[in-house]
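Colleague: Could you walk me through how to read this model, one feature at a time?

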Amino acid sequence: MGIYDRYLALRVRTQSSSPPDHVALIITERDLLEPDAFETLEEFFEWAFTYGASTITVYVSVLDEGAIPSLRHSLSQVSAPKPVSIHGPNDETYQDAPIQISVGLGGKHEFTEAVQEIAERAVNGELNPEEISEQDIEQSLAFPEAPDLIIKTGEERLSDFMIWQSVYSELYFTDVNWRDFRRRDFLRAIREYKNRTRRFGE
């Protein structure tokens with residue numbers, strides 16, 4: 001770790017506010033085609049847990065659904081310090097794990113699937129339409145939990161991901177592309193998060 005990285009790490013550790021418990025990362029299939037992309041992902045897991053996270057979510061966007069099986073296989077080979085659960089479109093069950101990875105077509109697609117599932121349950125008499133709650137919707141999403149911090153590399157947009165879950169999350173955008181993302185960039189995100197006052201929509 002270089003001098004500047006050690007300085008950032010010290011600043012983060014000495015800030016009085018709490019670090020994010022749930023950190024989410026939004027990257028694209030194209031990002032994972034870059035050299036050393038999976039190695040950077042492995043390092044990201046280590047950084048997040050080292051600096052206070054207990055849950056990590058990774059949302060990987062793809063343009064071609066046909067590429068999902070091979071991408072899921074590659075992600076399953078990534079070395080991680082804690083158990084990993086990998087999701088894809090049309091997965092029926094959510095498996096709880098400290099590291100959650102979703103490979104999919106976007107937040108609109110995810111939300112559409114959730115609405116279709118709820119509608120089917122209502123038609124089958126399992127749900128009263130007038131009693132459908134936010135919890136029912138959340139349980140039908142790929143990730144039912146809302147991250148404290150969402151990190152997006154490369155550009156300042158969410159790329160149609162985590163539409164529901166990110167409502168009260170703190171968003172951190174960096175113009176650093178995933179291929180160049182390093183520990184110092186992660187530490188800057190944590191420092192920025194700890195400098196903010198969360199309002200949860202108020």
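**Reading the fold**

Modeller: Buried means under 20% relative accessible area, exposed over 50%, and partly exposed in between, with a 1.4 Å probe and protein chains only. Please keep in mind that this is a predicted model, where local features need pLDDT of at least 70 and side-chain atom pairs count only at pLDDT 80 or more, while totals for chains, interfaces and linings use all residues. Residues are numbered from 1 along each chain as its sequence is written, and side-chain values use heavy atoms, with hydrogens and water left out.

Colleague: Which helix holds Glu-192?

Modeller: Glu-192 is found in helix H7. Helices (H or I, at least four residues) and strands (E, at least two) are DSSP runs, numbered from the N terminus. H7 covers residues 183-195, and its 13 residues reach 18 Å from first C-alpha to last, close to the 18 Å expected at 1.5 Å a residue. The expected span is 1.5 Å times one less than the number of residues.

Colleague: Which residues of H7 are buried?

Modeller: The general idea first: an α-helix has 3.6 residues a turn, so residues three or four places apart point the same way. In H7, the buried residues are Asp-185, Phe-186, Leu-187, Ala-189, Ile-190, Tyr-193 and Lys-194. They pack against helix H1 (3-14), E1, helix H3 (37-50), E5 and strand E6 (170-174); contact means heavy atoms within 4.5 Å.

Colleague: What is the order of the strands in the open sheet?

Modeller: Two strands pair if DSSP finds at least two bridges between them. Here six strands form an open sheet in the order E3-E4-E2-E1-E5-E6, with parallel pairing. Its edge strands, E3 (84-87) and E6, each pair on one side only. Neighbouring strands are turned by 15° against each other on average, direction ignored. Axes are lines fitted to C-alpha atoms, for helices over the stretch in contact, and angles run from 0 to 180 degrees between N-to-C directions.

Colleague: How many bridges link E1 to E2?

Modeller: Seven bridges pair E1 with E2 (residues 55-61) in the parallel sense, and Leu-25 has Val-58 as its bridge partner in E2. E1 also pairs with E5 (residues 149-153) over four parallel bridges, where Val-23 is partnered by Leu-149. E1 itself, residues 22-28, is mostly covered, with six of its seven residues buried. Further along, five bridges join E5 to E6, and Thr-153 stands opposite Thr-174 in E6.

Colleague: Which helices lie across E2 and E4?

Modeller: H3 lies across E1, E2, E4 and E5, running at about 150° to E2. H4 lies across E2, E3 and E4, at about 160° to E4.

Colleague: Which residues have the most contacts inside the largest nonpolar core?

Modeller: A nonpolar core is a set of buried Ala, Val, Leu, Ile, Met, Phe, Trp, Tyr and Cys residues joined through side-chain atoms within 4.5 Å. The largest one has 38 residues, and those with the most contacts inside it are Phe-44, Phe-45, Val-58, Leu-75, Ile-151, Trp-178 and Phe-186. H3 gives the most to this core, with seven residues. Apart from it lies another core of seven residues, including Ile-26 and Tyr-59.

Colleague: Why does Thr-55 count as buried?

Modeller: Thr-55 counts as buried because its relative accessibility is 15%. Thr-55 is found in strand E2.
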